[in-house]
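Here is a briefing on one protein model. Please look through the structure first, then read the points by topic.

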Amino acid sequence: MKVLIINGPNLNMLGQREEDLYGQLTLEEINALIIKKAESIRVEVEFFQSNEEGRIVSTIQESAKDFDFIIITPAAFTHTSIAIRDALLSVKSKFIEVHLSNIFSREDFRQNSFVSSIALGVISGFGHEGYLMALDALNNIEK
């Protein structure tokens with residue numbers, strides 16, 4: 001199984017921003033934990049991060065031929081991007097939506113997600129563990 005992990009805007013700043021919400025680990029440190037988990041369950045992972053909506057859309061469109069699943073943290077685009085939703089729909093991507101913080105306990109505008117209703121599932125509020133949970137879930141779905 002091959003999984004693309006997409007991280008949206010400002011996640012390149014993890015470890016430097018709002019540690020009470022997002023934790024102290026950098027994105028690189030989280031990716032290393034994901035790689036370790038993926039290897040233990042024999043899943044191949046690749047990573048993509050962008051602060052630009054169009055680059056995320058293009059990556060989703062290009063992913064359909066090479067990946068079985070996507071794990072996506074749309075970050076701020078969760079609440080604003082119909083384009084990302086449409087890209088996921090256009091390639092019929094099977095994906096899990098992950099959020100480091102619990103978006104449902106935050107500001108009202110953060111509680112709406114444009115992609116949750118088309119996701120296989122949503123993992124929210126468990127910090128970097130959410131990515132590992134998503135890998136476990138996908139591994140169990142594939143069996």
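**A loop residue to start**

Ala 75 sits in the loop between β3 and α4. Helices (H or I, at least four residues) and strands (E, at least two) are DSSP runs, numbered from the N terminus. This is a predicted model: local features need pLDDT of at least 70, side-chain atom pairs count only at pLDDT 80 or more, and totals for chains, interfaces and linings use all residues. Residues are numbered from 1 along each chain as its sequence is written, and side-chain values use heavy atoms, with hydrogens and water left out.

- Phi of Ala 75 is near 55°, a positive value in a residue other than glycine.
- Ala 75 is buried, at a relative accessible area of 16%. Buried means under 20% relative accessible area, exposed over 50%, and partly exposed in between (1.4 Å probe, protein chains only).
- Thr 78 belongs to the loop between β3 and α4. Thr 78 counts as buried because its relative accessibility is 0%.
- Neighbours within four places in sequence aside, Thr 78 is in contact with Glu 97, His 99, Asn 112, Ser 113 and Phe 114. Contact means heavy atoms within 4.5 Å.

**Loop β4 to β5**

- Asn 112 is placed in the loop between β4 (95–99) and β5 (121–124).
- With 39% relative accessibility, Asn 112 counts as partly exposed.
- Outside the four places either side in sequence, Asn 112 is in contact with Thr 78 and His 79.
- Asn 112 and Ile 96 are 16 residues apart in sequence, and their C-alpha atoms are 16 Å apart in space.

- Asn 10 lies in the loop between β1 and α1 (19–22). Its phi is positive, about 75°, although Asn 10 is not a glycine.
- Asn 10 counts as partly exposed, at 38% relative accessibility.
- Glu 28 is part of helix α2 (residues 27–40). Glu 28 is exposed, with a relative accessible area of 56%.
- From C-alpha to C-alpha, Glu 28 and Asn 12 are 8.4 Å apart in space, and 16 residues apart in sequence.

**Helix α3**

- In helix α3 (residues 53–63) the buried residues are Ile 56, Val 57, Thr 59, Ile 60 and Ser 63.
- They cover an arc of only 165° around the axis, which puts them on the same side of α3. The arc is that of the directions from the helix axis to the C-beta atoms.
- An α-helix has 3.6 residues a turn, so residues three or four places apart point the same way.
- The buried residues of α3 pack against β1 (2–7), β2 (44–49), β3 (69–73) and α4 (82–90).

**Whole protein**

- The protein has five helices and five strands. Along the sequence they follow the pattern β-α-α-β-α-β-α-β-β-α.
- Along the principal axes, the C-alpha trace spans about 35 × 30 × 25 Å.
- Of the 143 residues, 45% count as buried.
- Among contacts between residues at least 6 apart in sequence, 75% join residues at least 24 apart.
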